[in-house]
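The following exercises ask the reader to work through a structure one part at a time. Each task is followed by a solution in steps.

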Amino acid sequence: MNDKKPSVTVIGGGLAGCEAAWAIANAGILVDLYEMKPKKHSPAHTSNYLAELVCSNSLKARRIDSAAGLLKEEMRRLGSLCISAAEQAAVAAGGALAVDRDLFSGYITKAMEEHPNISVIHEEVTTIPKEGVVVVASGPLTSEALSEDIQRLCGKGLHFYDAAAPIVMADSIDKEHAFCASRYDKNAEENSQGDYVNCPMNKEEYEAFHAALVSAEIAPLHGFDKANPDVYEGCMPIEVLAKRGADSIRFGPMKPVGLRDPKTGHRPWAVLQLRAENNEKTMYNLVGFQTNLKFPEQKRVFGMIPALNHAEFVRFGVMHRNTFINSPAFLTAGYHFKLQDGLFFAGQMTGVEGYMESASSGLLAGLNAVRFLKGAVELHLPRTTMMGALAGFISDKNEDFQPMGANFGVLPPLEKSIRDKRERYGALSHRALADLEQFAVENGIQLVE
Ligand SMILES: Cc1cc2nc3c(=O)[nH]c(=O)nc-3n(C[C@H](O)[C@H](O)[C@H](O)COP(=O)(O)OP(=O)(O)OC[C@H]3O[C@@H](n4cnc5c(N)ncnc54)[C@H](O)[C@@H]3O)c2cc1C
């Protein structure tokens, strides 16, 4: 245990925890990094390395004009350890950045063990210290005892299961086959700003859709993800509900009552409702469509709904174990816990989703832990950057908060819209990196060339 002050305690030696420890230690501050492995493993962790990749070895696209590529470039410029490790451990993977998982985690483990300011302590933490500067980054499979203690802080604002419906980009919805209205909205025709985007289907379209849905391929479940009775009761996958009968979803999430299609003047046979996912209304979620279908199947089957024929999915539906806090109620855009000074959360448990998203939040939480110790103002990165937009998404008011990975829908739209998708994404990335640079100059942050 480090005995000199100041120091920071980081709980969890995963992607976010190691990234946070690296940022803190490089600022000259001592870090006690607690990792429960190898004494105890979560149901998904198998190796004894820190920063283990529990499933795929892909860190997604490299191209800077992709959302995942932009995120990695911002992290690289901010001195990310995970990006250095990935560059060292990269394997051939076309346009993606994939890694040899042992080389990747081995590189990070060595960096942690050899850093003069970091002490790695292989112990399970069961309670969050009530004082001092602490970063909690214990991941989506946080140990039970620590989860209980987080529950002490967050009450019902700690979730153990992710039952999320897919989300699509607003500009990819075919408006010719959709109309805006809330149920029983008498002004549907005039009300082009209605709360829901309704995607109507006629009888033939619905029957074809239903047949595809009940025969679509389901994603394999990990043992610890097997049907959770509490979740299934209140949040049944759409395909399971559909299997109960030809009309079960037409009387459930796709019920057309209170809706009239202005195009036909009639009530549709069935309707999928889309609800805005963010204030800017750049993303919409498929209401009631939490699902366990394989991702390509979600695209194929949900794409049969006429308004979604060309939909771009920014997040597919999932139903799996995932410990995450209701961050909009508890965290700032600097990952600081609002109810305890000096306490930060980072990683998947904040509601960012994905390897690099988790690491990026660790990086920002680490930088902010340092600033907290120094009495400096908390860093909130520009919303036009991918890291800033994700931090904003998890901390913005949101009554139906679900985790989110990097995608261009979380960024504010360009001032001048660009039709061509590739060009638009290029412009969004360009703006993000220019704004990051400007922000770094204004805040005295040294970026990596
Ligand atoms: C089964 C599964 C598969 C996934 N597959 C992918 C994928 O393919 N691609 C992708 O982008 N994302 C994937 N994710 C999502 C996410 O990117 C990963 O979970 C990622 O590792 C999250 O990073 P993290 O740092 O938040 O948590 P982790 O990397 O899980 O790190 C948390 C660390 O904290 C330790 N810990 C837990 N409790 C305690 C405690 N009480 N005391 C001390 N240490 C503790 C754990 O042992 C672990 O090392 C997956 C998630 C799961 C659960």
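**Exercise 1. Compare the radius of gyration of the chain with that of a compact globule of 449 residues.**

Solution. Step 1: the radius of gyration is taken over C-alpha atoms, and the globule rule is 2.2 Å times the number of residues to the power 0.38. Step 2: for 449 residues, a compact globule would have a value near 22 Å. Step 3: the chain has 23 Å, which agrees. Step 4: along its principal axes, the C-alpha trace spans about 75 × 50 × 45 Å.

Two conventions apply throughout. Residues are numbered from 1 along each chain as its sequence is written. The model is predicted: local features need pLDDT of at least 70, side-chain atom pairs count only at pLDDT 80 or more, and totals for chains, interfaces and linings use all residues.

**Exercise 2. State how many helices and strands the chain has, and what percentage of its residues is buried.**

Solution. Step 1: helices (H or I, at least four residues) and strands (E, at least two) are DSSP runs, numbered from the N terminus. Step 2: the chain contains 13 helices and 16 strands. Step 3: a residue is buried if 20 or more other C-beta atoms lie within 10 Å of its own, exposed if 12 or fewer, and partly exposed in between, with C-beta atoms placed from the backbone. Step 4: by this rule, 46% of the 449 residues are buried.

**Exercise 3. Describe the two domains and the contact between them.**

Solution. Step 1: the bounds come from an automatic or database domain assignment. Step 2: that assignment gives domain 1 as 7-163 + 321-442 and domain 2 as 167-316. Step 3: their centres, taken over C-alpha atoms, are separated by 31 Å. Step 4: 14 residues from domain 1 and 16 residues from domain 2 form the contact, where two residues are in contact if their C-beta atoms, placed from the backbone, lie within 7 Å. Step 5: the side of domain 1 that touches domain 2 has 9 nonpolar, 3 polar and 2 charged residues. In this count Ala, Val, Leu, Ile, Met, Phe, Trp, Tyr, Cys and Pro are nonpolar, Asp, Glu, Lys and Arg are charged, and the others, Gly among them, are polar.

**Exercise 4. Identify the residues with the most contacts inside the largest nonpolar core.**

Solution. Step 1: a nonpolar core is a set of buried Ala, Val, Leu, Ile, Met, Phe, Trp, Tyr and Cys residues joined through C-beta atoms within 7 Å. Step 2: the largest such core has 89 residues, and Ala20, Ala21, Val135 and Leu390 have the most contacts inside it. Step 3: not counting residues up to four places away in sequence, Ala20 touches several residues, among them Val10, Val135, Ala346 and Leu363. Step 4: a second, separate core has 43 residues, including Cys199, Met236, Leu308 and Phe316.

**Exercise 5. Which residues come nearest to the ligand, and which element gives the largest share of the shell?**

Solution. Step 1: a residue is near a molecule if its C-beta atom, placed from the backbone, lies within 6 Å of it. Step 2: of the 34 residues around the ligand, Gly12, Gly14, Cys55, Gly139 and Gly347 come nearest. Step 3: helix 1 (15-26) and helix 11 are the elements that give two or more residues to the shell. Step 4: helix 1 supplies the largest share, 3 residues. Step 5: the shell divides into 15 nonpolar, 16 polar and 3 charged residues.

**Exercise 6. Is Ala51 buried or exposed, and what is its phi?**

Solution. Step 1: Ala51 lies in the loop between strand 2 and strand 3. Step 2: Ala51 is buried because 29 other C-beta atoms lie within 10 Å. Step 3: its phi is near 50°, a positive value in a residue other than glycine. Step 4: the loop between strand 2 and strand 3 also holds Pro38, which a cis peptide bond with omega of about 0° joins to Lys37.
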